Amino acid sequence: MHKILLFGLWPILFLPIALPSFAASPFDRAQATSLVSAGAAHGLLLDIVSVPGSSRLIAVGEQGSILFSDDQGQQWQQAKAPVAVLLTAVQMVTSQQGWAVGHDGVVLHTGDGGLSWQVQLSGQDLLRVQQQGLQQALDVAEQTENAAQSDDLQWLLEDVEFALDDGAMPTLLDLYFIDEQRGFVAGAYGRMFATLDGGNNWVSLGDRLPNPDRMHLNSLLLSTSGRLLVAGEAGLLVYSDDLGESWQTAESPYEGSFFALAERDRLYVLGLRGHLFSSADGVNWQAESAGTDATLNAAVSASGKLYLLGQGGLVMKHQNNGFTPVSSQSRNSFAAGVLLDGRLILAGEGGITTLPLAEQGGAQ
């Protein structure tokens, strides 16, 4: 998600790795279990969520780390994780059922509240799902003699087939599950997939989006009105009113990258250099002043409150029709957070950071 771009890792993510000629079996992090580390809570973490109907918190990040806390973030334990790739996003749909995504096309599932995780999809299996979807769409386009669409689909199909031959691994950046059965995952180069059966089977949606340049899809959100929103690279904003069957483009107010979507009183999208916009419907957007020119990475919306998180320890609180800074006393960039009993529990470069809000003049 946006969560990769935050920390300056993007330029190296998709470069091919040159292996020495004697390397017959390169190390596959999608097939290796995560290493247990006493310092995992202080490593790079890219997402953190509260578990519905539970006091548990779950955070994910580098080397396949999945951490959980049952004492409001004071102590953290590592869950059993079957991969060692960078995990970018996590969501718990119920107290027991949840999913996480990350590099190498990894989709993980838990059925026990985050204590243990299993791989549902990974590596080139995700590309094969995309290949199958593109081939089916191409067959339909050829049968209807839609030459322009056929050419576009053929080009995309050849690109996926090249990636399969080359051993490329896709990157997933975000996910959104509506319930225990219906969910979406999205990521780099315009890839998006959906499931209707809890992740047992997936279909490719990327070719349905109005995204001809295959911009990275950084953030997903289902609004309270039922509109599915996607924000991404180079000002990409698209939406669906039928849960991914068809898509429309929202007129973007900005040409830079968006990293996160959030909803409070309105919908918000945020990104590079402090750019922040709001909308009543997810289609028409207006500029908002975030009070900073630092890159905004994420937002925390809970209990009627909205906080913006960003580079260099930035935390901003929505207050009196504007945003005011909250001192974090940290220079680490934040990628995600949860609001819990007057505190922000934040995940980012330095792992877990707890930010008491009551100590800041009662500004909660």
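Figure 1. Arginine 128 is partly exposed, at 42% relative accessibility. Its partner in this predicted model is aspartate 125, and the two form a salt bridge. The closest N and O atoms are 2.9 Å apart. Both residues lie in helix α3, which covers residues 124-143. They are 3 residues apart, so about one helical turn separates them. Aspartate 125 is partly exposed too. Its relative accessible area is 39%.

**Figure 2. A salt bridge between arginine 208 and glutamate 245.** The closest N and O atoms of arginine 208 and glutamate 245 are 3.7 Å apart. That distance counts as a salt bridge because the cut-off is 4 Å. The pair links distant parts of the chain, 37 residues apart. Arginine 208 sits in the loop between β12 (203-204) and β13 (217-222). Glutamate 245 sits in the loop between β15 (237-240) and β16 (248-249). Glutamate 245 is exposed, at 54% relative accessibility. Arginine 208, at 35%, is partly exposed.

**Figure 3. A salt bridge between aspartate 70 and arginine 56.** The side chains of aspartate 70 and arginine 56 meet with an N to O distance of 2.7 Å. Is arginine 56 buried or exposed? Arginine 56 counts as buried, because its relative accessibility is 14% and the limit for buried is under 20%. Aspartate 70 is partly exposed, with a relative accessible area of 40%. The model has 7 salt bridges by this rule.

**Figure 4. Strand β10, enclosed on both faces.** Strand β10 spans residues 183-187. How many of its residues are buried? The count is 5 of the 5, so the strand is largely enclosed by the rest of the structure. In a regular strand, side chains alternate between the two faces of the sheet. One side of β10 carries Gly183, Val185 and Gly187. The other carries Phe184 and Ala186. Both faces are covered.

Figure 5. Strand β9 covers residues 172-177. It runs antiparallel to β10, and 5 bridges join the two strands. Leucine 175 has valine 185 of β10 as its bridge partner. A hairpin of 5 residues connects β9 to β10.

**Figure 6. The β10 to β11 hairpin.** On pairing with β10, strand β11 (residues 192-195) is antiparallel, over 4 bridges. Alanine 186 has methionine 192 of β11 as its bridge partner. The hairpin has 4 residues between the strands. Tyrosine 189 lies in this turn. Its phi is positive, about 55°.

**Figure 7. The largest nonpolar core.** Nonpolar side chains tend to be buried together in soluble globular proteins. Here the largest nonpolar core has 17 residues. Which residues have the most contacts inside it? They are Ile58, Ile66, Leu87, Val90, Leu108 and Trp117. The elements giving two or more residues to this core are β2, β3 and β5. Strand β5 (87-92) gives the most, with 3 residues.

Technical notes
Residues numbered from 1 in each chain as written. Predicted model: local features only at pLDDT ≥ 70, side-chain atom pairs only at ≥ 80, totals over all residues. Heavy atoms only, no water. Buried < 20%, exposed > 50% of the residue type's maximum accessible area, 1.4 Å probe, protein only. Pairing = 2+ DSSP bridges. Core = buried A, V, L, I, M, F, W, Y, C linked by side-chain atoms within 4.5 Å.
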